Amino acid sequence: MSRGTYEPTVTTPLLNGSQRIPTAPATSAGTNGFAVHPLANGSSRLNYKPNPIPKPTSSVDKITIQGKEYVGSCTIDGRQYRKWRVVIAIDGQPEREPIDLVDPFTAEEYDKRDNHKVRRGKLQLLDKDRAKRYFNALFKQLNLSCCRSTDRRISIHEDVTKISESSDFASVHSLLWEVLEHPEFWPCSQSDGGTPVRRVRLSRTLNVLSTGSNATPACRQASTIAATQAEYRVLLVIARSFKKDSDQRYVDYRPNLIQGPLLQIARKAKQRGIAPKVHIDVVRPGTIEELDEYLNPKSSKSYDIVHFDMHGKIGPVNPISRSRGVRASGFPVQNGQTPLERQCYLRFAKPYDAELLRFKSDDDAREKLLTDDTSLIDVPVKQIAERLQECRISKVALSACLSSYAQSQVFLNMCHTFLSHDVASVSAMSFQILESTTQVYYTAFYESLILQGEAFHVAAARGREALRANNKQYGHAVLPTNYHRYPRSFSNEWWRSPQVQSSRLPPFALYLTRYLIVLCLLVLCLMFLWLPFWFFCILLPVALFVTMKIWVLTTSCIKKLTPVEEQVHEQRSEKPRFEVDIEHLVIEDRLKSEANQGALYVWSTDYSKELSDCVHDLAQTWVLTGFVDAVDIVSARAFSWTLSSLPPLRWIWTRRYRSEHKGTVGRRRLLVLKEFDRFYPKHARDEDMGDLHAALGRMVSFVEGYDRDDTYLLITGSYDEEWWTDGHRYNDERIVDTILRAVPHNHNITPARMHVPRWSQQAMKRRWSAFRKDMV
């Protein structure tokens, strides 16, 4: 639909300060079919007399900005700008007269498109000066100077239930409303003697048509964590490409962007005794088939939030979707015609393929990940939303680029799709983003949501606040958005205090008890100096053991009683924990493959020692994320001698990891035999190899004690594939069937994080530093 050219007559505060807003013509047609008329005096709707300043009735100014109509485009100084008609209500006062709101940017400044019709969504980042000019353009047009409180709560609302897909409707959500969250841009509050604005929180709401028939939609659930809830369940879906570049390196982003912060938060919640407990399940490597195994509509326990950590794109309609007679928006195709030529996708992973071709040396690998279909598969967001609707999922978070892209039709916004399938709240990214942006935002988001117990929209505001506090991420603070299904209520969304496990003694009493007992033990030892020396040697270790035990117990209680302080978002110097690389996703996928029978031999000639040490970190991560319920790690050297392979001594060689939750998907136990390369040469010196067969026999007897149908077997070493598959040296079917059934896999990268042995010099120094810090 073509638009007329308007002559500028009224000054407007756009970014350069010299552009002008046009007056409305005598009559123009909006995209939703309604006629737009000027005021009686023929002036623009922008020139209205402001309502009297409302008296502050609470400590928070509640501002509602509702988009009524998309007027169309207007020409200002030869450039095309979009314009909407909006109404504003403050603190429940009657709505003001509608005003015309002109976009501070042109449409081309938001979007960049390529020849394949794939939306790139590359927004020029807003530095502080540019963000300030954008803020002023919105602030002056909306006349928000009448706000009096030091806190602002802004809701951007739009009703899209009557919008046709064939129209060129532009959503009011295409504006960068998140710039209004910058407190330093707001003028000081006049009612409090010039006090600066302390906090601004913004959320977006959509009134959409529900496309499902769920009798009790998930959107009716509260957005905060219930204090009586036994556990807070998080489902994290990680999808990465297994394709490599010409240098044999994986090109996709690290799979630890969300998983690492989530596990850290779960650890903090456990240390502080915060209820409910955090339960994390991770779908890796992120195939659509594996997601279906976790999303069980008949399960009595549903997930509180589902997070999709994968790529997203807006591209041409998949021919498969056309053949099924379903459009991208979910409405039936009429007469075989599809109005939308594009739709939104989430890129799920495909199973690992060792024969997967590599990217060429001249390819832009990161860009190719959006179009390459050999390692990733496009799944329409509508299909995912339908699965979540069946499981009554109320909250969704997305790390995907363009997941809340609003510069095109509103039906191509992934948030709109999820909200129309009864999801209550969605956090997503409006443009292309950096992996560091995702990690900073969602770390603060989940700390607020889980540790602080705040509402969903508050947690999203905390995440953007963390980006603004980070100098390197300041320009990315407007990219994360949070959408909510209309209607929603703010009345029950004040954050709840975390439920900390009670203790009979306050922290001060625990500190006092600790030091008194240590002092008494010291005095007791000095009193017994006159006794025989051998008696003193026995008494001293006992006293030291009791002292250390009391110290550890009181430290644990004090940590649980430590109040949850508001996070100061700074760049942390501590090393990341729970590091996971794409190669580790490959190991998981190959372990779960039916063709490998749940057994894998991981070898690396260059990093054999690092690989054996890294297994401990992987085992801890696998237990915490629901991959398995129990992990036993045994050094192969334990079977070198008959005495060391006996259960009491073998128990000393075994490291165990256990989960507090019981999973249901896949096998639930993992047995790791590490350092096979340090075990074999010791017994292979004899020509008859009798000593080797005896040692392997002890190892086989131990492995057979595990249920083969419920246990994964992982062996690490440095021998290559040809050596491993040569079974003639063993000459025993029992050994071949038990040990050599493990499929060899070359671990060809440096482990992400070296494991630090518990009693190593580095670990002891770290404990000593923590002890001195605790004493201070």
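Which residue's side chain meets that of glutamate 181 in a salt bridge? The partner is arginine 468, at 3.7 Å from N to O. The model is a predicted one, in which local features need pLDDT of at least 70 and side-chain atom pairs count only at pLDDT 80 or more, while totals for chains, interfaces and linings use all residues. Residues are numbered from 1 along each chain as its sequence is written, and side-chain values use heavy atoms, with hydrogens and water left out.

**Salt bridges**

- A salt bridge is a side-chain nitrogen of Lys or Arg within 4 Å of a carboxyl oxygen of Asp or Glu, and by this rule the count comes to 32.
- Glutamate 181, in the loop between β8 and β9, and arginine 468, in helix α9 (residues 456-469), are 287 residues apart, and their pair links distant parts of the chain. Helices (H or I, at least four residues) and strands (E, at least two) are DSSP runs, numbered from the N terminus.
- Glutamate 181 is buried at 0% relative accessibility, and arginine 468 is buried at 14%. Buried means under 20% relative accessible area, exposed over 50%, and partly exposed in between (1.4 Å probe, protein chains only).
- Salt bridges with shared partners join Glu69, Lys83, Arg85 and Asp100 into one network.
- Within the pair of arginine 85 and aspartate 100, the closest N and O atoms are 2.9 Å apart. This pair connects strand β6 (residues 79-90), which holds arginine 85, with strand β7, which holds aspartate 100, across 15 residues of the chain. Both arginine 85 and aspartate 100 are buried.
- Arginine 198 and aspartate 151 form a further salt bridge, at 2.8 Å from N to O. Arginine 198 lies in the loop between β8 (151-159) and β9 (199-207) and aspartate 151 in strand β8, so the pair ties together parts 47 residues apart in sequence.

**Aromatic contacts**

- Rings of Phe, Tyr and Trp (its six-membered ring) pair if their centres lie within 6.5 Å; planes under 30 degrees apart count as stacked, over 60 as edge-to-face and the rest as tilted. The count by this rule is 28 aromatic pairs.
- Phenylalanine 105 and tyrosine 134 have ring centres 5.0 Å apart and planes at 80°, so their pair is edge-to-face. Phenylalanine 105 is in strand β7 (residues 99-106) and tyrosine 134 in helix α1 (residues 128-142), 29 residues apart. Both phenylalanine 105 and tyrosine 134 are buried.
- Tyrosine 441 and tyrosine 442 also pair edge-to-face, with 4.7 Å centre to centre and 75° between the planes.
- A cluster linked by ring pairs comprises Tyr601, Phe676, Phe679, Tyr680, Tyr719, Trp723 and Trp724.
- The charged end of arginine 233 sits over the ring of tyrosine 303, 4.6 Å from its centre. For this contact, NZ of Lys or CZ of Arg must be within 6 Å of the ring centre and within 35 degrees of the ring normal.

**Helix α8**

- Helix α8 (residues 435-451) has 17 residues and reaches 23 Å from its first C-alpha to its last, close to the expected 24 Å. The expected span is 1.5 Å times one less than the number of residues.
- Of the 17 residues of α8, 13 are buried, so the helix is largely enclosed by the rest of the structure.
- Glycine 453, with a positive phi near 70°, follows α8.

**Backbone features**

- Most residues other than glycine have a negative phi, and most peptide bonds are trans.
- The peptide bond from arginine 284 to proline 285 is cis, with omega near 5°. Proline 285 lies in the loop between β12 (277-283) and α3 (288-294).
- Aspartate 422 has a positive phi, near 70°, and is placed in the loop between α7 (414-419) and β18 (425-429). Aspartate 422 is buried, at a relative accessible area of 4%.
- Glutamate 675 has a positive phi of about 60° and is found in the loop between β24 (669-674) and α15 (676-683). At 5% relative accessibility, glutamate 675 is buried.
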